[in-house]
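Here is a brief structural report. It goes from the whole chain to single residues.

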Amino acid sequence: MQTILGIDPGSRNTGYGLIQVSGNDMHCVTFGVIQCKVKKPISERLHHIYEQLIDITHQHPPEAAAIEAI
């Protein structure tokens, strides 16, 4: 079984999803949106996204990741 993290990046809203794949079977582990306050500087928004993704990957360590182009 392989756990894959998908990320849809954005500086205001960053989407994520984790799936587990075993052969042709796929199971959704978790998904959500990391929301940032628009009035914060970009550096603070990026740091918030980073911290949230670290928390997610500690809870559900992925073996692979895919990031959508901006």
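## Overall picture

The accessible surface of the protein is about 5,100 Å². Carbon and sulfur atoms hold 54% of that surface. The model is predicted.

The protein has 70 residues, and 21% of them are buried. Along its principal axes, the C-alpha trace spans about 45 × 25 × 15 Å. Among contacts with a separation of 6 or more, 37% join residues 24 or more positions apart.

## Elements and their order

One helix and four strands are present. Read from the N terminus, the elements run β-β-β-α-β.

Strand β1 covers residues 2-8. The pairing of β1 with β4 is parallel and runs over four bridges. Within the sheet, glycine 6 sits opposite alanine 66 of β4.

## The helix on the sheet

## The nonpolar core

In soluble globular proteins, nonpolar side chains tend to be buried together. Here the largest nonpolar core has nine residues. They are Leu5, Ile7, Tyr16, Leu18, Ile34, Cys36, Ile49, Leu53 and Ile56. Two or more residues come from each of β1, β2 and α1. The largest share is that of α1, with three residues.

Which residues does isoleucine 56 contact, leaving aside neighbours within four places in sequence? The contacts are Tyr16, Leu18 and Ile34. These three residues also belong to the core, as does isoleucine 56.

## Cysteine 36

Cysteine 36 is a core member that lies in the loop between β3 and α1. Is cysteine 36 buried or exposed? The relative accessible area of cysteine 36 is 10%, under the 20% cut-off, so this residue counts as buried.

Not counting residues up to four places away in sequence, cysteine 36 touches Ser11, Arg12, Arg45, His48 and Ile49. Of these, Ile49 is one of the core residues. Isoleucine 7 is another core member. Along the chain, cysteine 36 and isoleucine 7 are 29 residues apart. Their C-alpha atoms are separated by 15 Å.

## The salt bridge

Side chains of opposite charge can pair when their charged atoms come close. How many salt bridges are counted in this model? The count is one. Lysine 40 and glutamate 44 form a salt bridge through their side chains, with an N to O distance of 3.7 Å. That distance is within the 4 Å cut-off, so the pair qualifies.

Are the two partners buried, exposed or partly exposed? Lysine 40 has 38% relative accessibility and counts as partly exposed. Glutamate 44, at 42% relative accessible area, is also partly exposed.

Terms used. Residues are numbered from 1 along each chain as its sequence is written. This is a predicted model: local features need pLDDT of at least 70, side-chain atom pairs count only at pLDDT 80 or more; totals for chains, interfaces and linings use all residues. Side-chain values use heavy atoms; hydrogens and water are left out. Two strands pair if DSSP finds at least two bridges between them. Buried means under 20% relative accessible area, exposed over 50%, partly exposed in between (1.4 Å probe, protein chains only). A nonpolar core is a set of buried Ala, Val, Leu, Ile, Met, Phe, Trp, Tyr and Cys residues joined through side-chain atoms within 4.5 Å. Contact means heavy atoms within 4.5 Å. Accessible areas come from the Shrake-Rupley method with a 1.4 Å probe; for residues, only the protein chains shown count as cover.
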